[in-house]
Amino acid sequence: MAVPVFGQSYRTSFKQTMRRTDATFFQTPEARRIGDQLLLFQRVTGGWPKNIDMARALSDEEKEQILGDRQKRNDSTTDNDATTLQMDFLARLYQATHDKRYRDAFRRAVDYLLSGQYENGGWPQFWPEMRDYQIHITYNDNAMVHTLRMLRDMAARQEPYQGDLTEAKQRRRMTAAFDNGIECILATQIKTNGRLTVWCQQHDRETLLPAAARAYELPSYCSMESAGIIELLMELPAPDDRVKRAIIWHDGRGDKSRKLVIKDSYFDALSPTPLGRYHHDSQFFLLNCKLSKNILDQNIRYAYTDKVLDPCPWGLRVYYYNCLREGGHSGWLKNNLQESEEHPEFHGVTADWTFQGLWHPEARIKELWNVLAY
């Protein structure tokens, strides 16, 4: 009998279970049952496979099969939050129970994470055995960012990694691995026309250049992964000049045409929050967006009043089309694309227009239509 791979609903439920933080839960028999199953699923590598609901009750037959798969060396990964999720759960379970089985499994997983790092500081998607695009340095789905954050927090023995969960020699290796990972991030930032930009989902482990993965995952500028990387860099306590340069890739100074475009999005907040602010001169285009009532009734604005950081010589350049705010607005959210120097029609605001012909994904998608449909 095959161990079932789970769909979206199971994935959501499983990940929610793995991310529980309430200490009382980890003192229950249910938490121990789940922890014991995580031990069954852990590979001889120290890592775990992905896309399996490891929290649901298993039959004896399924447990036998899982034990038989323990020697696999080709499905351990950090993709889709695998390994790091299981580690977090076991860390909290050990803190609640002091059962050394959970601590020992966690330490094996630490060794697994450390063993996967390339000399250049990056991590592949799968290891120790890998194939095809799995060898690339992988930022996809924030896999490497999650790994680096965990290594940083474990080295500092932050909750839930306190006490004797890890060994001193492991923590020393974690600190070195984190620093090396930051070096890799800085080395792989894409430079276009001499200017630092963003990152791809994966980079070649030899050349460090953007690399392709599946047929629809082409070398490209990737916003989600880049945002995660920037957030990690902003958490560094003493960033050097290289890190600061990497963080302000979106700086619009010196190029009046640079812009941020957001389409078909919904903005919300837990409490009343401004839509946005900016520290350096740029222009913003929001099309077909909706704002919740928790987004304050005020326009995107410059972050300061003294203009010391950036004089912003081109003034306020924020443009909207077909945007709505729950509860209405005081006039700033009106359609005003024609007030832009480029006067675009709403249907002309594309990636090709945004990047001034340097990136035309719509055309590439048409070329790959048959592949995507397959």
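Visitor: Okay, and where does the model come from?

Guide: This is a predicted model, where local features need pLDDT of at least 70, side-chain atom pairs count only at pLDDT 80 or more, and totals for chains, interfaces and linings use all residues. Residues are numbered from 1 along each chain as its sequence is written, and side-chain values use heavy atoms, with hydrogens and water left out.

Visitor: How many helices and strands are in the chain?

Guide: The chain has 12 helices and 12 strands. Its C-alpha atoms fill a box of roughly 65 × 45 × 45 Å along the principal axes.

Visitor: What percentage of the residues is buried?

Guide: Of the 374 residues in the chain, 46% are buried. Buried means under 20% relative accessible area, exposed means over 50%, and partly exposed is in between (1.4 Å probe, protein chains only).

Visitor: Back to Asn 288, then. What is its phi?

Guide: Phi of Asn 288 is near 55°, which is a positive value in a residue other than glycine. Asn 288 counts as partly exposed because its relative accessible area is 29%.

Visitor: And what about phi of Asn 322?

Guide: For Asn 322, phi is near 55°, again a positive value in a non-glycine residue. You'll find Asn 322 in the loop between β11 (318–321) and β12 (324–325). Its relative accessibility is 41%, so Asn 322 is partly exposed.

Visitor: New topic: is Leu 275 buried or exposed?

Guide: Leu 275 is buried, because its relative accessible area is 13%. It sits in the loop between β6 (266–267) and β7 (277–278).

Visitor: Which residues is Leu 275 in contact with?

Guide: Contact means heavy atoms within 4.5 Å. Leaving aside neighbours within four places in sequence, the partners of Leu 275 include Phe 267, Leu 286, Leu 291, Ile 295 and Trp 332. Across the chain, 66% of the contacts between residues at least 6 apart in sequence join residues at least 24 apart.

Visitor: Where does Asp 53 lie?

Guide: Asp 53 lies in the loop between α2 (29–41) and α3 (60–68). It is buried yet has no salt bridge, a salt bridge being a side-chain nitrogen of Lys or Arg within 4 Å of a carboxyl oxygen of Asp or Glu.

Visitor: Which backbone nitrogen does the side chain of Asp 53 reach?

Guide: The side chain of Asp 53 reaches the backbone nitrogen of Arg 56 at 3.4 Å. A polar atom of that side chain also lies 3.1 Å from the backbone nitrogen of Ala 55. A polar contact is a pair of N or O atoms within 3.5 Å; within protein, one must be able to donate a hydrogen and the other to accept it, and residues adjacent in sequence count only if both atoms are side-chain atoms.

Technical notes
Helices (H or I, at least four residues) and strands (E, at least two) are DSSP runs, numbered from the N terminus. Lys and Arg count as positive and Asp and Glu as negative; His and the chain ends are not counted.
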